[in-house]
Amino acid sequence: MACRSRRVVALAAGVLAWPSGSPSAQESPPALRYAQPAARWIEALPVGNGRLGAMVFGGAPSERLQLNEDSCWSGGEQPDWQRGSPADLRRFRDELAAGHVVDVDRAVMGTFSAGRILRSHQTLGDLQLDFGELAAGDGYRRELDLRDGIARVWTTGGGSATSREVLASAPHDVLVMRVAARERGALAFDVALSRPPDRELPTAAVRGDAERGVLRMEGRVTQRGADWYREGDGMQFLVVAAVDVEGGWAEATDSVLRVRGADAATLWLAAATSYHGDDLDARCARTLAEARAAGWPAVRAAHVAEHRSWFDRVSLRLGDGPRDASTPTDRRLAAVRDGADDPDLAALLFQYGRYLLIGCSRPGTLPANLQGLWNEHIEAPWNADYHLNINLQMNYWPAEVTDLAELHGPLFEFLERLAARGRDRARESFGLRGFVTGHATDVWAPAFHRSTEPFWGFWHLGGAWLCAHVAEHWRFTGDDVWMRQRGWPLLRDCARFLLDWLVEDPVTGELVSGPSSSPENSYRLPDGQRAAVCMGPAMDQQIVAEVFGNALQVAGALGIDEPIVAELAAALPRLRDGVRVGSDGRVLEWDREYAEVEPGHRHMSHLYALFPGDRIDPHATPELAAAAARTIEQRLAHGGGGTGWSRAWLISFAARLHDGAQAGEHLQALLRKSMAPNLFDLHPPFQIDGNFGATAGIAELLLQSNHDVVEVLPALPPGWSSGAFTGLCARGGFQVDCAWDGGAFTTLTIRSKLGRELVLRHPAPLRIAVGEGFETHRPDAAGLHRIPTRPGQVLRFRPAS
């Protein structure tokens, strides 16, 4: 029997103190709190370091940590299943011009799509702790501390009180659980590893290594329900767990790690897949050795410091802050469902979105998928993959504005891989330059179309939408070097495809995109038949115009004089306008007025130009803003916003329309109808995009900077009459702190990172700090304050009266 045993004089170092009383609003960090263990996965609490994560159930007498690793995907680097040809494209365009819409709609996917390809992100497995007779007890608590990035559990039943802390350390790349007993020598538990079967067949083997004192689980990622799967396909994975004890003893048996008579124990877990190479044993052994050598106190301290370096960049208080910080989150959510107004719960949801992005997207990791990182399935809903018709993009909406710009990096790295595959697809299927993508992809970054129906699958501008993030990153950070070296090649090659893809409308001569669809909606033809494809749907035209405009702006700023710049300048004014208003005052979704098959559809693709785009602006285009508002009104009247992510999108729509009241209603509806007990967004089922969309929407209510014009508090909901935020970011390299009362700001601080001119929208005079006093600054006729700045300069404003 191999064992590791260490006894300490006092348990103070590294042992979690038991809570006493109720934390005050001033002392309490933002946290999700509960008075009972999680009974379902959507009640468990997520921890993650970008690559490795877990859902912590907090159970007694048994604890479950459902494990995830970002590269635990089925499939492999197979060649793309390319379909279709340039001749097919020409034929379908001719048929559409001749009015054979239904024929094209029925044939196009069979020609260009590889069919429904299922390659899913999968659970890594489960880590279980069996505490024997341990019970939760009357004093049971669990929480997720968003600022520390630690899940905590306290139990008091079964004659013993215990505490647990679980964290996913980025500095040491390990998952760690610290368990302590209040009574010396009272800690006893077994640790097991397991993984769900795939179609009733085992997916992993578990064995203990007594000599090394570790428990191993290894296997291969299968997906036996997929047509493409062949035995032996799939990545290999390895999970290794080890335990160090303080007092008592520990051993590894054939199937478990066993701890007995300990004062405290630290459980370490490392994991690897063959996605990053075949040396799984060496990688896990090295990771565990380095973490265990550092020890729990050092690993915990490094984790907290690193996590806070992200999380502490932004703070938010709405209203008077927490009314009772100890109230369990599920009870607060239930109260909102019963009609209560809880602004602090909205602030918690905002910070939770930031916490989740920190946990599932770090430099060097894969981008956040449909479930971020956290997924308990072998065959996940929608494969937990990368949907490119809003979902992946929504995951990153809060990255720049909430000062997590570096976490955008995994998306750009993935886009570079996707573009490389998409260049082959553009050439082989369409005979065009540049790169193209399908509506969805996976960890292997294939660019082929992978669907059976045109209304959700025959769409080609997912990569173009992702290129909007390239431009936004540059606008927020001002990183010209990054743009020239990495951003511009993506924008240029995306624009190249779109230039070649566009064709002249035979009647108007305008340039249109097609055949294409409006994700994921359909229309009815005058004869009642259903169709989805057309030439020049609104979203396509809006995104094409945006890509061309972004590329021209970047080229002008960086002095790029490549031939494509002249091509774009000539094509942009020839585009059919993507924002056209129909006879009923709504924005047209397709090339002409049609009746929608689903008038309350969750996708509102034709309002891309309102958000995340900026073509529709209540200041610059009030008539288009009115049409957008009418469009939203009609969608809602027919049941729109029924999914969590769709409702989250509506928050940003309302923010851009400066309608704080409607935004507040959408936020309340999101909390009432689409939130799990652990505040995961529900489509249903769980999709993480709604969490990120909510965070981005709340930020839009507090700060906007469209067209490089900074506007604070543009759309406060009625219940947010007072509050404060620090650290939100604006385009042009500005960082903003603001406190307000009575719906108007009382203090405003703006830091200029880049030294650009600050254009601040505020129709009244402002007092700006100069030396020891304040001077009055008056707006121009458009209500804009134009103020030169220096890099690093801090500007402090007060209301003039």
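Q: Which helices and strands each supply at least two residues of the lining of the largest cavity?
A: In this predicted model, strand 2 (45-48), helix 4 (296-311) and helix 6 each supply at least two lining residues. The largest share, 3 residues, comes from helix 6. Helices (H or I, at least four residues) and strands (E, at least two) are DSSP runs numbered from the N terminus. Residues are numbered from 1 along each chain as its sequence is written, and side-chain values use heavy atoms, with hydrogens and water left out. Because the model is predicted, local features need pLDDT of at least 70 and side-chain atom pairs count only at pLDDT 80 or more, whereas totals for chains, interfaces and linings use all residues.

Q: What makes a space a cavity, and what makes it a pocket?
A: On a 1 Å grid over the protein atoms alone, a cavity is a set of points where a 1.4 Å probe fits but cannot get out. A pocket is an open set with protein on both sides within 12 Å along at least five of seven lines. Lining residues have an atom within 4 Å of a point. Grid points are joined across faces, edges and corners, and a volume is the space filled by probe spheres set on the points.

Q: Which residues line the largest cavity, and how is its lining divided by class?
A: Val47, Gly48, Gly149, Ala168, His303, His307, Tyr355, Ile358, Gly359 and Arg362 form the lining. Ala, Val, Leu, Ile, Met, Phe, Trp, Tyr, Cys and Pro count as nonpolar, Asp, Glu, Lys and Arg as charged, and the others, Gly among them, as polar. On that basis the lining has 4 nonpolar, 5 polar and 1 charged residues.

Q: What lines the largest pocket?
A: The largest pocket, with a volume of about 820 Å³, is lined by 44 residues, of which Glu472, Glu546, Pro612, Gly613 and Asp614 lie nearest its centre. Helix 13 (538-558) is one of the elements that supply at least two lining residues, and the largest share, 7 residues, comes from helix 13. By class, the pocket lining has 19 nonpolar, 13 polar and 12 charged residues.

Q: Why is Leu89 called buried?
A: Leu89 has a relative accessible area of 4%, and buried means under 20%, exposed over 50% and partly exposed in between (1.4 Å probe, protein chains only). Leu89 therefore falls in the buried class. This residue is found in helix 1. Contact means heavy atoms within 4.5 Å; leaving aside neighbours within four places in sequence, Leu89 is in contact with Phe112, Phe430, Trp501, Gly514 and Pro515.

Q: Why is His707 called partly exposed?
A: The relative accessible area of His707 is 46%, so this residue is partly exposed. His707 lies in the loop between strand 25 and strand 26 (711-712). Its phi is near 55°, a positive value in a residue other than glycine. Most residues other than glycine have a negative phi, and most peptide bonds are trans.

Q: Why does Trp382 count as partly exposed?
A: Trp382 has 35% relative accessibility and therefore counts as partly exposed. Trp382 is found in the loop between helix 6 and strand 18 (386-387), and its phi is also a positive value, near 55°.

Q: Which peptide bond from Gly514 is cis?
A: The bond from Gly514 to Pro515 is cis, with omega near 0°. Another cis bond joins Pro519 and Glu520, with omega about -20°. Pro515 is in the loop between strand 21 (511-512) and strand 22, and Glu520 is placed in the loop between strand 21 and strand 22.

Q: How does the reach of helix 2 compare with what is expected?
A: Helix 2 (residues 101-112) has 12 residues and reaches 16 Å from its first C-alpha to its last, close to the 16 Å expected. The expected span is 1.5 Å times one less than the number of residues. Its buried residues are Val101, Val102, Val104, Asp105, Val108, Met109, Thr111 and Phe112.

Q: What makes a set of residues a nonpolar core?
A: A nonpolar core is a set of buried Ala, Val, Leu, Ile, Met, Phe, Trp, Tyr and Cys residues joined through side-chain atoms within 4.5 Å. The largest core has 222 residues, and Val47, Leu67, Leu175, Trp488, Phe548, Leu702 and Phe797 touch the most other members. Helix 6 (residues 343-360) gives the largest share of this core, 12 residues. A second, separate core of 18 residues includes Ile150, Leu167, Trp268 and Val304.
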